[in-house]
Amino acid sequence: QVQLVESGGGLVQAGGSLRLSCTASGRDFTNYLMGWFRQPPGKEREFVASITWSGGVTYYADSVKGRFTISRDSAMNTVYMEMNSLKPEDTAVYYCATKGVWRATYDYWGQGTQVTVSA
């Protein structure tokens, strides 16, 4: 059974940094894609960034390009997201998710971690 466990959220002032982690277990993720999503208060969930387990190809939402960096440690089955120059509008519950690279939708989701950026 696939499990995703996020950690690293918290409260930070605008301009600060946080690093989120997501540890995956339950299968071989070689041909999988790991994504980070977020859901701001009162809004729909939105894509933030993704990375392929094999090859480390990355994609970013325009709103976080140049500020967030997604990376992975395949040996640890862990994906990270370094978030710099945080803004109040980055406040959200952040979720990691994974899917096969051939899939259109993400099949497995973590429980989420709260990130709050104060002005």
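This report walks through the strands, core, disulfide and aromatic pairs of one predicted model.

## The four-stranded sheet

Start with an open sheet of 4 strands. Its order is E1-E3-E8-E7, and the pairing is antiparallel. Strand E1 (3-7) and E7 sit at the edges, where each pairs on one side only. On average, neighbouring strands of this sheet are turned by 15° against each other, direction ignored. In general, strands of a sheet pair through backbone hydrogen bonds, either parallel or antiparallel.

Look next at E3 and E8. They pair in the antiparallel sense over 6 bridges. Take Leu20 as an example: its bridge partner in E8 is Met81. Ser21 also lies in strand E3. Ser21 counts as buried, because its relative accessibility is 13% and the limit is 20%.

Strand E4 covers residues 32-39. Of its 8 residues, 7 are buried, so E4 is largely enclosed by the rest of the structure.

E4 pairs with E9 through 8 bridges, and the two run antiparallel. E4 also pairs with E5, again antiparallel, through 6 bridges. Gly35 shows both pairings. Its bridge partner in E9 is Ala97, and its bridge partner in E5 is Ser50. E4 and E5 form a hairpin with 6 residues between them. In the turn, Gly42 has a positive phi of about 75°.

## The disulfide

How many disulfides does a search of the whole structure find? The search finds 1. Cys22 and Cys96 form this link, with their sulfur atoms 2.0 Å apart. The angle about the S-S bond is 60°, and the link is right-handed.

Which parts does the pair tie together? Cys22 lies in strand E3 (residues 18-25) and Cys96 in strand E9 (residues 92-100), so the link joins parts that are 74 residues apart in sequence. Cys22 is buried, with a relative accessible area of 0%. Cys96 is buried too, also with a relative accessible area of 0%.

## The nonpolar core

The largest nonpolar core has 28 residues. Those with the most contacts inside it are Met34, Trp36, Val48, Phe68, Met81, Met83 and Tyr94. The largest share, 4 residues, comes from E3. In soluble globular proteins, nonpolar side chains tend to be buried together.

Phe68 gives a close-up view. Leaving aside neighbours within four places in sequence, its contacts include Val48, Met81, Met83 and Tyr94. Phe68 is also in contact with Arg38, Glu82 and Asp90, among others.

## Aromatic pairs

The structure has 7 aromatic pairs. One of them is formed by Phe29 and Trp53. Their ring centres are 5.8 Å apart and their planes meet at 35°, so the pair is tilted. This pair links distant parts of the chain, 24 residues apart. Phe29 is in the loop between E3 and E4, and Trp53 is in the loop between E5 and strand E6 (58-60). Both Phe29 and Trp53 are buried.

Phe37 and Phe47 form another aromatic pair, which is edge-to-face. Their centres are 5.7 Å apart, with 75° between the planes. Phe37 is in strand E4 and Phe47 in strand E5, 10 residues apart. Elsewhere, ring pairs link Phe29, Tyr32, Trp53 and Trp102 into a cluster.

## Two loop residues with positive phi

Most residues other than glycine have a negative phi. Asn77 is not a glycine, yet it has a positive phi of about 55°. Asn77 is placed in the loop between E7 and E8. Its relative accessible area is 24%, so Asn77 is partly exposed.

Ser85 also has a positive phi, near 50°, and is a residue other than glycine. Ser85 is found in the loop between E8 and E9. At 41% relative accessibility, Ser85 counts as partly exposed.

Definitions and conventions. Residues numbered from 1 in each chain as written. Predicted model: local features only at pLDDT ≥ 70, side-chain atom pairs only at ≥ 80, totals over all residues. Heavy atoms only, no water. Disulfide = S-S within 2.5 Å. Buried < 20%, exposed > 50% of the residue type's maximum accessible area, 1.4 Å probe, protein only. Core = buried A, V, L, I, M, F, W, Y, C linked by side-chain atoms within 4.5 Å. Contact = heavy atoms within 4.5 Å. Pairing = 2+ DSSP bridges. Axes fitted to C-alpha atoms, helices over the stretch in contact; angles between N-to-C directions. Phe/Tyr/Trp six-rings, centres within 6.5 Å; stacked < 30°, edge-to-face > 60°.
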